[in-house]
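The points proceed from the whole chain to individual residues.

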Amino acid sequence: MGKKFQPGAGVLCQELDGETVLLDLASGSYYSLGGTGSRIWELLAAGGAPEDIVARLVEEYAAPPEQIARDVDGLLTELERHGLVQPKAG
């Protein structure tokens with residue numbers, strides 16, 4: 001998990017009925033994150049590195065740290081694939 005991410009340029013987000021809705025202005029596509037996905041996005045948008053996000057979720061959720069790390073990595077990989085996050089400089 002050495003890569004650090006930030007929300008992609010041109011990605012807008014809005015919380016709506018307990019979900020985080022992302023709009024990619026370049027493609028016009030909408031994406032929805034619920035539950036833990038919303039929390040990961042919130043921590044990422046606040047500048048959290050993947051390791052920090054995992055540590056925070058370990059405190060907040062009753063799940064094994066290894067599972068949380070896999071879930072965070074999987075979501076960040078998927079978000080990057082869709083251009084919703086980009087590597088953070090520096």
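**Comments on the predicted model**

1. The accessible surface of the protein amounts to about 5,300 Å², and carbon and sulfur atoms account for 53% of this area. The model is a predicted one, and the values in this note should be read accordingly. Of the 90 residues of the protein, 31% count as buried.

2. The overall dimensions deserve a brief remark. The C-alpha trace spans about 35 × 35 × 20 Å along its principal axes. The radius of gyration is 13 Å, which agrees with the value near 12 Å that a compact globule of 90 residues would have.

3. On secondary structure, the protein contains three helices and five strands. Read from the N terminus, the order of elements is β-β-β-β-α-α-α-β. As to contacts, among those between residues at least 6 apart in sequence, 50% join residues at least 24 apart.

4. The charges may be described together.

5. Strand E2, residues 11-16, pairs with strand E3, residues 19-24, in the antiparallel sense, and the pairing extends over six bridges. Within this pairing, Gln 14 has Val 21 of E3 as its bridge partner. Two residues stand between the strands of the hairpin.

6. Which residue in the hairpin of E2 and E3 takes a positive phi near 50°? The residue is Asp 17, found in the loop between E2 and E3. Asp 17 adopts this positive phi of about 50° although it is not a glycine. Is Asp 17 buried or exposed? Its relative accessibility is 76%, and exposure is assigned over 50%, so Asp 17 counts as exposed.

7. Helix H1 covers residues 35-45, and its buried residues are Gly 37, Ser 38, Arg 39, Ile 40, Trp 41, Leu 43 and Leu 44.

Notes: Residues are numbered from 1 along each chain as its sequence is written. This is a predicted model: local features need pLDDT of at least 70, side-chain atom pairs count only at pLDDT 80 or more; totals for chains, interfaces and linings use all residues. Side-chain values use heavy atoms; hydrogens and water are left out. Two strands pair if DSSP finds at least two bridges between them. Helices (H or I, at least four residues) and strands (E, at least two) are DSSP runs, numbered from the N terminus. The radius of gyration is taken over C-alpha atoms; the globule rule is 2.2 Å times the number of residues to the power 0.38. Buried means under 20% relative accessible area, exposed over 50%, partly exposed in between (1.4 Å probe, protein chains only). Contact means heavy atoms within 4.5 Å. Accessible areas come from the Shrake-Rupley method with a 1.4 Å probe; for residues, only the protein chains shown count as cover.
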